[in-house]
Amino acid sequence: MTRSWWRVPALTAAAIVFLFPFYYMVVGSLQRRPDPSPAGALPMPGNLGAGNYREIDAAVQLGRSLLNSVVFTAGVVAGTLVFGVLAGYALARLRYRGRGALFAALLLVQVVPFQLLVIPLYVQVVRGYGLADSYLGMILPFAINSVAVFVFRQFFLQLPAELFEAARIDGAGELRVLRSIALPLVRPALLTATLVTFIGPWNEFLWPFLITKEADMQPLAVSLANYLSTVASAATNPYGAVLAGACVLAAPAVLLFVAFQRHFVSSDLGSGVKG
Amino acid sequence: MRRLSGRQPIGVLLSAPYAVFVAVVFAYPFGFAVWISCHDYLFTAPGVSVPRPFVGLDNYAAVLADPHVRRAFVNIGIFLAVNVPLTVALSLLLATALNAAIPFRTFFRISFYLPYVTASVAVVGVWLFLFGSDGLVNRVLGDAAPDPSWLVNDVWAMPSIAVFVTWKQLGFFILLYLAALQNVPRELYESAAVDGAGRWRSFRAVTVPGVRPATALVTLLALVTGANLFTEPYLLTGGGGPSGRSASPVLLMYQRGIEQGHPDLAAAIGVLLVAGVLLVAAAQRLLVRPPG
């Protein structure tokens, strides 16, 4: 298809709609006094300062909240990489009983609205196992990301079968085949899966909101939301403080994706599209 | 042994952690949700046993008779009516625009998926600032702004949430359509051009049918998103206001189940929600899939 006149104007208009709220988030987070007038969209040097960041830090203990977000996210990513690779490899490359059923379950899991399970999971995790206000309780429902398992399976499927046969003829066990042959070849998939997996727990709100009552255990998304819905009315510049917190919450995910955007490719995510 | 476990029994071992995960986090809670919904279930302190009598469909009857619950399902209908057409049209349009050698292509891609990778809680903050009564949008609109403002307006609250979610998720759907566009055979465009089809005609005759599987997936995922809706009504419209006009079934599950201590009612809402999703998904399959 040739370049046509409408593409660049349409894309530019859309890019403005997508980016403006982020720009406004940064400008608003730095304003000493909130200025919702059109002129307030431009940064006025006299009205800028880091006061909102100090305010939100005092209100929600930014450091502690960020640490909780990091532990939650790292736990989910680690679980997904270790157990997801094993399951993805087995589903793609090994013939064993139950494989078909497990693959069917993998597809089904992605259509069940997670929120349906929130009540029984809450009963199990909080009342049954006593894991409220704990990292384990936070991580458990997300411990292995099913989309990532699917991405791994697709990548392992693309490797030529001869590689595996040759290794097996040479006497390599399955674990050795996986470690020395399959894993090095799917390194791009590891990065993609890490990116896909990372945003889930980093941005997740409902589940940690339900099971953490102690402020010390809340990830940043939860403490920020609590600030937004309760404390905000008491602050001098509540929106400024909320936007400062929003910038801190958004920055890691945004920076990671801008840096590695080449690996966040449509073909991996869209592997389920080919009807 | 071989016959029991297949040719490569180590596969059972390798996939066991994931199988256990699916059983513990999906299969068991799913069954448990149905069980709770048919019993008179109350939260108790650990170790305290109380009778939890079987009550059949009582919880379902109570939930279906509750006007708030019915309203929440209507709200999801409004959400889908706004979100699905917008999502399909805009993501297909932008994916088509991106699917060429465009200057700043990477920049456009990044800007489109930025909202998708950012936490809802973070961007909700900006939207509250933008769309509040005294926010930038209303300042610009002047007298054309709705009164009461978007997020506290009976009519506009739910469509505002639907537009927010469309904006937030569009990047992901653009990626899906970009992948699907790669699979449309170029020869079809060439033969359309030979037949004298203009750009719009070939878009309708080649592109739209060519990406039909992706459209089916996009509408299905939008449906699941609508069913999962919680953060936006909770934060953007202050707990589903005004007067429940933007409440979602999951928001009511939270309020009835956790806040008011009726997990049995909440579980019944959840089961109805999934039944609704499966029903709409089945209908959608019949409508979007080509015949045969």
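In chain A, helix 2 (residues 51–60) has A:Asn52, A:Ile56 and A:Val60 as its buried residues; buried means under 20% relative accessible area, exposed over 50%, and partly exposed in between (1.4 Å probe, protein chains only). Viewed down the axis of helix 2 of chain A, these buried residues fall within an arc of 45 degrees, so they line one face of the helix. The arc is that of the directions from the helix axis to the C-beta atoms. An α-helix has 3.6 residues a turn, so residues three or four places apart point the same way.

This is a predicted model, in which local features need pLDDT of at least 70 and side-chain atom pairs count only at pLDDT 80 or more, while totals for chains, interfaces and linings use all residues. Residues are numbered from 1 along each chain as its sequence is written, chains are lettered from A and ligands numbered from 1 in the order in which they are written, and side-chain values use heavy atoms, with hydrogens and water left out.

On the other side of helix 2 of chain A, A:Arg54 and A:Ala58 are exposed. The cover over the buried residues of helix 2 includes helix 1 (7–30), helix 3 (62–93), helix 12 and helix 13 (238–259) of chain A. Helices (H or I, at least four residues) and strands (E, at least two) are DSSP runs, numbered from the N terminus. Just after helix 2 of chain A, A:Gln61 takes a positive phi of about 50 degrees.

Helix 12 of chain A also meets a helix of chain B. Its axis and that of helix 6 (residues 120–131) of chain B come within 9 Å and cross at roughly 25 degrees. The two helices are therefore roughly parallel to each other, a term for angles under 35 degrees. The residues in contact (heavy atoms within 4.5 Å) are listed here.

| Helix | Residues in contact |
|---|---|
| Helix 12 of chain A | A:Ala221, A:Leu224, A:Ala225, A:Leu228 |
| Helix 6 of chain B | B:Val121, B:Val124, B:Leu128 |

By class, this contact has seven nonpolar, no polar and no charged residues. Ala, Val, Leu, Ile, Met, Phe, Trp, Tyr, Cys and Pro count as nonpolar, Asp, Glu, Lys and Arg as charged, and the others, Gly among them, as polar.

Over the whole interface, 101 residues of chain B are in contact with 93 residues of chain A. The two chains bury about 8800 Å² between them, 78% of it on carbon and sulfur atoms; buried area is the accessible area (1.4 Å probe) that two parts lose on being put together, summed over both. In chain B, B:Leu14, B:Tyr18 and B:Phe129 lose the most area to chain A.

Chain B has 14 helices and zero strands.

Methods. Axes are lines fitted to C-alpha atoms, for helices over the stretch in contact, and angles run from 0 to 180 degrees between N-to-C directions. Angles under 35 degrees count as roughly parallel, over 145 as roughly antiparallel, 65 to 115 as roughly perpendicular and the rest as oblique.
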